[in-house]
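User: Could you take a close look at one helix for me and then walk me through what else is going on in the fold? Keep it chatty, but give me the cut-offs.

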Amino acid sequence: MELPKIPFYKKYDLIFKAIVVGGVLGLCYSAITDAGSHYHYLKLLPGTIIGISIGFAVIAFEKSFIRLNEYSFIKSTLLKALIYSFCIVLSLVLFVVVFAEVLGHFSYQEALIKYFKERLFEDFIFSLLASIFLILFLEVNSLLSSRFFYHYFTGKYHRPVQEERIFMFVDVKSSTTLAEQLGDILYSRLLQDLFNDFTDAILASGAEVYQYAGDEIILTWKTATGLKKQRCLYCFYMLKEGIRHREEYYLKNYNIIPKFKAGMHIGKAVTTWVGKVKKEIVYHGDLLNTTSRIQCKCNDFNHDFVISEEMKNALPENLPVVYKQQGEILLRGKALAMKLYTVDFNF
């Protein structure tokens, strides 16, 4: 059985965005200044290359300078922007030499002297401002998904819309005990690492992160997306595999391997925008309450993954999984009993 993989465009999403944004900034810079004017028909090219270089630099160095994030946001942003700008200016000097050799209008010595006198300062300031802009862009991108902007600008969900969705509530097991054992700060770092290590599984399964609620993460799919190649079902397996590959790290840093449980259900939910001070998309309806109750039954069944009968019936029959019916269960707050199933993977 082939598990879902992260789509190419999602895997390198930030690189594409940074290059496009950087290229557009560089193009605008060339258009409103005389940068590259002596290259005639290619006058917009140097600025565009500068912008693309900035995009590459920010993405390439962002992980390398992750320790700078320990400082305040303003200080870390300025420090990173200065480092990126110096690297970009060094690249520009190389570009000047290459352009001079290719076009043959000047010797590279003349081109460098001309560049240092006429463009170096302006290009450095532009690189600095563009780096700051791109760093801010990446921060906003991490806070708000692209779906957020798409739904906001298209007006979708400005009025409540009922749609069929799949929800999965994933909760850390024995969270109270772990918090007491590790202490609040170390436990928070554990949750940071855990949720970060969930990223690949979330991207591969096409899930949307609805909320981080304490030690719980709530994932959701539109029905068509979640059922395609059974992504929603295999998401839990991929979450477990992601942590299994990092067992040594967790043992070394926390002396434990975190375990988690999940409940999954399918049904109708109302999707809408709420809030004026802080806008966000929220989901209303019995679907969320029921999914939360299903996840709570993991402890009763002594199992990590429990789904509803409706969820099981929505999936194909010939999957490499074993379902075990737990009988008709009366969930808290529900008038009618539901059939629940534990899920074990056969691969």
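Analyst: Helix α12 covers residues 231-244, and its 14 residues should span 20 Å at 1.5 Å a residue, which agrees with the 19 Å between its end C-alpha atoms. The expected span here is 1.5 Å times one less than the number of residues. Helices are DSSP runs of H or I with at least four residues, strands are E runs of at least two, and both are numbered from the N terminus.

Bear in mind that this is a predicted model: local features need pLDDT of at least 70, side-chain atom pairs count only at pLDDT 80 or more, and totals for chains, interfaces and linings use all residues. Residues are numbered from 1 along each chain as its sequence is written, and side-chain values use heavy atoms, leaving out hydrogens and water.

Back to α12: the helix is mostly covered, with 11 of its 14 residues buried. Buried means under 20% relative accessible area, exposed means over 50%, and partly exposed is in between, using a 1.4 Å probe and protein chains only. The buried set includes R231, C232, Y234, C235 and E241. C235 counts as buried because its relative accessibility is 0%.

C298 is in no disulfide either, and the nearest cysteine sulfur, that of C296, is 8.4 Å away. C298 is buried too, with a relative accessible area of 1%.

Now for a hairpin. Strand β2 (residues 208-213) and strand β3 (residues 216-222) pair in the antiparallel sense over 5 bridges; pairing takes at least two DSSP bridges between the strands. V209 has L219 of β3 as its bridge partner. The hairpin has 2 residues between the strands, and G214 takes a positive phi near 65°.

On to a helix pair: α9 (residues 184-197) and α13 (residues 247-254) pack at an angle of about 170°, with their axes 11 Å apart. That makes α9 roughly antiparallel to α13, a label for angles over 145 degrees. Axes are lines fitted to C-alpha atoms, for helices over the stretch in contact, and angles run from 0 to 180 degrees between N-to-C directions. The contact (heavy atoms within 4.5 Å) involves, among others, L186, R189 and D193 of α9 and Y249, Y250 and Y254 of α13.

Overall, the protein has 15 helices and 8 strands, and 44% of its 347 residues count as buried.

Technical notes:
A disulfide is a pair of cysteine sulfur atoms within 2.5 Å. Angles under 35 degrees count as roughly parallel, over 145 as roughly antiparallel, 65 to 115 as roughly perpendicular and the rest as oblique.
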